[in-house]
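This note is for a colleague who is opening the model for the first time. Please keep the structure in view while going through the points.

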Protein chains: 2
Amino acid sequence: MNAIRKYTIDQYINALTEFHGNFAPGLLIGGFMVGAAIPRMAQYEFFDAICESSSCLPDAIQMLTPCTIGNGWLKIVNTGRFAIILYDKKSGNGVRVSMDVSRLGQYPEIKNWFLRLTAKKDQDTEKLVREIKAAGDTIFTIQDIIVSTSLRGRQIEGRVRVCESCGEAFPESDGSLCRACQGMDIYSETSCSRCIV
Amino acid sequence: MNAIRKYTIDQYINALTEFHGNFAPGLLIGGFMVGAAIPRMAQYEFFDAICESSSCLPDAIQMLTPCTIGNGWLKIVNTGRFAIILYDKKSGNGVRVSMDVSRLGQYPEIKNWFLRLTAKKDQDTEKLVREIKAAGDTIFTIQDIIVSTSLRGRQIEGRVRVCESCGEAFPESDGSLCRACQGMDIYSETSCSRCIV
């Protein structure tokens, strides 16, 4: 494998380090996952994405596909497993790419990292990257799947109202007060600067 | 306002359209929100982010700060309100920027869009963009806040085990089976291609 989508592997490593804030082995592997999934979706004009992990992997999807958290085409369904799904939102048909532990025999450093068998400080990052590049997409299980109906829907934009408590706008479907004023514990105000200085 | 961080406003519009897949007024406003928040965090070396909306706004944070969903520095706490928080993860001190409906009087097109008073097809996008550019950060409430302790923690990477049911690795803290095999309804397999063709 010499490329991940439009990038050479080293270009991708630079781009992921820029976007993600630091180099993450999981994000390099995630690049190969997305790279393996996209060509298998060629019959569809568009696809949505599900990421089964909240850590690292979503950024590979956001960097390499049009799906982002903000546009709603990427959903995180946290099963704790290292897997991504691309699917056609109409039919639900798609492909799931997951790390296959049984294929890691010849890649001891990937296995150590993935199963957390060695402490982070004892990891040989150079060897790990070398192994990830050599392994490419051969360490994945690739399944044809159909995404469950309950996950296929898009949030429909409904009416908006202004919360009587905080004065901010929120979706009317949330109730008479916004969710925060219904009792979420997010922050407390340390001083109010309604007048922007 | 002639700039949003490192971008001119038009460069930012191009960049957001590229990343987000299409132009979204909320993401342009989100750019001004992030642009207003960051200089107020200058005393901290790093900051984390909370986005109170799952729609559009997270992408402004991901484009303009080092905080992404995948690196865990951005959390979505969906209150349904159009607001972002940047905060110092040690002390919790930070700044919250939210849309202030009471300041929209002189920006009728922003008000129409934000409160969904006109149907999407009747929106005057050109006028909306003109108003957003003119308004800049003057339509926001900017508050000094302290983020609640419960939201400040980072997920600590624990031990990993292989699920007896699906054979995939997952966080041991989730139980004896991975969350998916405990009964999540995500997908069904349509055919198995363990041997990558």
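1. Two residues are in contact if their C-beta atoms, placed from the backbone, lie within 7 Å. Helices (H or I, at least four residues) and strands (E, at least two) are DSSP runs, numbered from the N terminus. This is a predicted model, in which local features need pLDDT of at least 70 and side-chain atom pairs count only at pLDDT 80 or more, while totals for chains, interfaces and linings use all residues. Residues are numbered from 1 along each chain as its sequence is written, and chains are lettered from A and ligands numbered from 1 in the order in which they are written.

2. Helix α3 of chain A covers residues 57-64, and eight of its eight residues are buried, so α3(A) is largely enclosed by the rest of the structure. A residue is buried if 20 or more other C-beta atoms lie within 10 Å of its own, exposed if 12 or fewer, and partly exposed in between; C-beta atoms are placed from the backbone. The buried residues of α3(A) include Leu57(A), Pro58(A) and Asp59(A). Among the elements that cover them are α1 (9-20), α2, β3 (48-51), β4 (74-76) and β5 (83-87) of chain A.

3. Helix α2 of chain A is also mostly covered, with 12 of its 13 residues buried. Among these are Gly30(A), Gly31(A), Phe32(A) and Met33(A). At 1.5 Å a residue, the 13 residues of α2(A) (residues 25-37) should span 18 Å, and the end C-alpha atoms are 19 Å apart, which agrees. The expected span is 1.5 Å times one less than the number of residues.

4. How are the two chains related? Chain B can be laid on chain A with an RMSD of 0.0 Å by a turn of 180° and a shift of 0.0 Å along the axis. That is the relation of a two-fold axis. The same surface serves both copies, as 100% of the contact residues of chain B recur in chain A. Copies are superposed by least squares on the C-alpha atoms of residues with pLDDT of at least 70 in both. Of the residues of chain B, Ile69(B) comes closest to the rotation axis, at 3.9 Å (C-alpha).

5. In the interface, 65 residues of chain B are in contact with 66 residues of chain A. The side of chain B that touches chain A divides into 31 nonpolar, 20 polar and 14 charged residues. Here Ala, Val, Leu, Ile, Met, Phe, Trp, Tyr, Cys and Pro count as nonpolar, Asp, Glu, Lys and Arg as charged, and the others, Gly among them, as polar.

6. Buried or exposed: which applies to Cys178(A)? Cys178(A) counts as buried, with 24 C-beta neighbours inside 10 Å. Cys178(A) lies in the loop between β9 (169-171) and β10 (187-193) of chain A. Its C-alpha atom is separated by 5.7 Å from that of Cys163(A), 15 residues apart along the chain. Leaving aside neighbours within four places in sequence, the contacts of Cys178(A) include Cys163(A) and Cys166(A), and also Thr79(B), Gly80(B) and Arg81(B).

7. Gly105(B) is exposed, with 9 other C-beta atoms within 10 Å. Gly105(B) is placed in the loop between β6 (93-99) and α4 (108-114) of chain B.
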